[in-house]
Amino acid sequence: MNRTSLFGRVRSCLAGFKRIRICSRLLAAFSVVVFCCGVSAQETTGRVHVVIINGGMNKLMNHERYWNDCAFLYRTLRKDLDFSKQDITLLMSDGGEPGRDMLLADGSGFATSPADLDGDGERDVWLPATLAQVDASLTDLAERLTSNDRLLLFMIDHGDFDDSVQQSYAWMWGGGRLYATHLAQLLDALHVESVSLCLGSCHSGGFIDELCCENCVIATSCAEDEESWACTDRPYDEFVYHWICAVAGHDPEGHAVGADTDGDGNVSMAEAFDYACRHDRREETPQYYSTPWALGESWFLRQNQNNGVFEMKTEIDMSTIRKCYDLQGREISVPTNLKRKHIKKVKTKQSFGLSPIIII
């Protein structure tokens with residue numbers, strides 16, 4: 001073999017090694033980028049915190065069905081959706097004190113509200129649903145939750161409308177009034193990624209005008225000028241009973257319900273509202289609000305992913321590209337069907353400057 005041929009082969013081998021080193025470096029760099037992107041996705045996915053409020057007002061007005069509604073939702077969160085207790089704030093009538101604070105559904109008298117909501121033998125209720133405690137709990141959450149987190153607020157209670165200030169309010173334990181503007185101020189201080197509310201009191205539709213804002217979904221059991229009603233055949237409240245059944249995927253006895261209309265394996269807040277509306281048998285007009293409109297279609301509590309997903313939205317022209325990630329940073333498919341069905345005429349006053357609001 002001549003020297004020229006030998007040098008040629010050496011150069012060829014060196015060039016090959018060089019290409020291998022370059023490819024290895026590129027592969028390593030690409031791996032770092034992929035790893036960093038994965039970490040970034042995990043870091044940007046937030047947690048969902050749930051606040052459950054049963055104001056009750058007093059023992060004469062604190063119906064057993066209120067406790068049943070809250071316990072059904074709490075069991076759903078803990079057993080079906082794998083929420084930790086730390087991610088749920090319970091504000092229940094007298095806070096689980098030993099006194100008789102609850103009017104029994106059969107009218108036989110009063111009882112002590114059980115402080116164990118999920119039947120695991122441990123006390124779950126520690127905080128009362130007084131106006132002062134609502135303030136303290138939501139103020140505490142404003143300090144702890146971040147802009148990557150989401151909040152679900154569920155409230156079942158007596159409600160009324162104050163003509164002097166033209167505003168709806170809910171009765172808290174001890175007779176305090178939680179006005180719509182007051183609740184709006186508490187929620188404005190949270191600075192979370194998005195908020196979803198399910199309100200089941202009389203005149204709850206009147207909360208919408210004050211609570212409506214960007215990145216917010218609201219479902220109420222009735223219009224501003226209406227009362228909400230209990231079920232006629234079970235000790236629950238009509239609208240919220242069906243709403244919780246939809247989120248849980250089953251009724252309290254374990255019978256499956258079909259609220260996942262698009263078949264993607266998740267029940268969004270819009271689907272939960274639609275299901276509750278279709279099954280509501282009482283004389284009440286549930287109301288719904290979502291801004292942006294797509295938010296209610298993709299805001300859901302995902303099973304077996306600890307406690308929810310984080311929605312990422314990018315506005316392009318008039319369309320919206322939406323992606324959802326679980327808490328491990330894995331992308332989850334999201335339905336693109338944004339239709340709303342069964343639109344009826346608005347029964348209460350029109351909201352000023354709000355778009356979109358649909359009364360169903």
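The side chain of Thr220 reaches the backbone oxygen of Cys222 at 3.0 Å. The model discussed here is predicted.

Student: In which strand is the place of Thr220?
Tutor: Thr220 has a side chain that reaches the backbone oxygen of Cys222. The residue itself belongs to the run of residues 216-220. That run is strand 10.

Student: Is Thr220 buried or exposed?
Tutor: A residue is called buried when its relative accessible area is under 20%. For Thr220 the relative accessibility is 0%. Thr220 therefore counts as buried.

Student: Which residues does Thr220 touch, not counting residues up to four places away in sequence?
Tutor: Thr220 lies in strand 10. With residues up to four places away in sequence left out, the partners of Thr220 are Leu199, Ser204, Gly205, Ile208, Phe239, Phe273, Pro286 and Gln287.

Student: How many disulfides does the structure hold?
Tutor: A disulfide requires two cysteine sulfur atoms within 2.5 Å. The closest cysteine sulfur to that of Cys213 belongs to Cys216 and is 4.3 Å away, which is too far for a bond. Cys231 is likewise in no disulfide, its nearest cysteine sulfur, in Cys245, being 8.6 Å away. For the structure, the number of disulfides is zero.

Student: Is Cys231 buried or exposed?
Tutor: The cut-off for a buried residue is a relative accessible area under 20%. Cys213, with 33%, is partly exposed. Cys231 has a relative accessible area of 9%, so Cys231 is buried.

Student: What is the volume of the largest cavity?
Tutor: The count of cavities of 30 Å³ or more comes to one. The volume of the largest cavity is about 30 Å³.

Student: How many residues of the lining of the largest cavity are charged?
Tutor: The lining is made up of Met92, Ser93, Asp94, Gly96, Asp101, Ser113, Pro114, Ala115 and Val125. Asp counts as charged, and Gly as polar. The lining divides into four nonpolar residues, three polar and, as charged residues, two.

Student: What share of the contacts in the chain with a separation of 6 or more comes from residues 24 or more positions apart?
Tutor: The chain has eight helices and 15 strands. Of its 360 residues, 51% count as buried. Among contacts with a separation of 6 or more, the share from residues 24 or more positions apart is 66%.

Note on methods: Residues are numbered from 1 along each chain as its sequence is written. This is a predicted model: local features need pLDDT of at least 70, side-chain atom pairs count only at pLDDT 80 or more; totals for chains, interfaces and linings use all residues. Side-chain values use heavy atoms; hydrogens and water are left out. On a 1 Å grid over the protein atoms alone, a cavity is a set of points where a 1.4 Å probe fits but cannot get out, and a pocket is an open set with protein on both sides within 12 Å along at least five of seven lines; lining residues have an atom within 4 Å of a point. Grid points are joined across faces, edges and corners, and a volume is the space filled by probe spheres set on the points. Buried means under 20% relative accessible area, exposed over 50%, partly exposed in between (1.4 Å probe, protein chains only). Helices (H or I, at least four residues) and strands (E, at least two) are DSSP runs, numbered from the N terminus. A polar contact is a pair of N or O atoms within 3.5 Å; within protein, one must be able to donate a hydrogen and the other to accept it, and residues adjacent in sequence count only if both atoms are side-chain atoms. Contact means heavy atoms within 4.5 Å.
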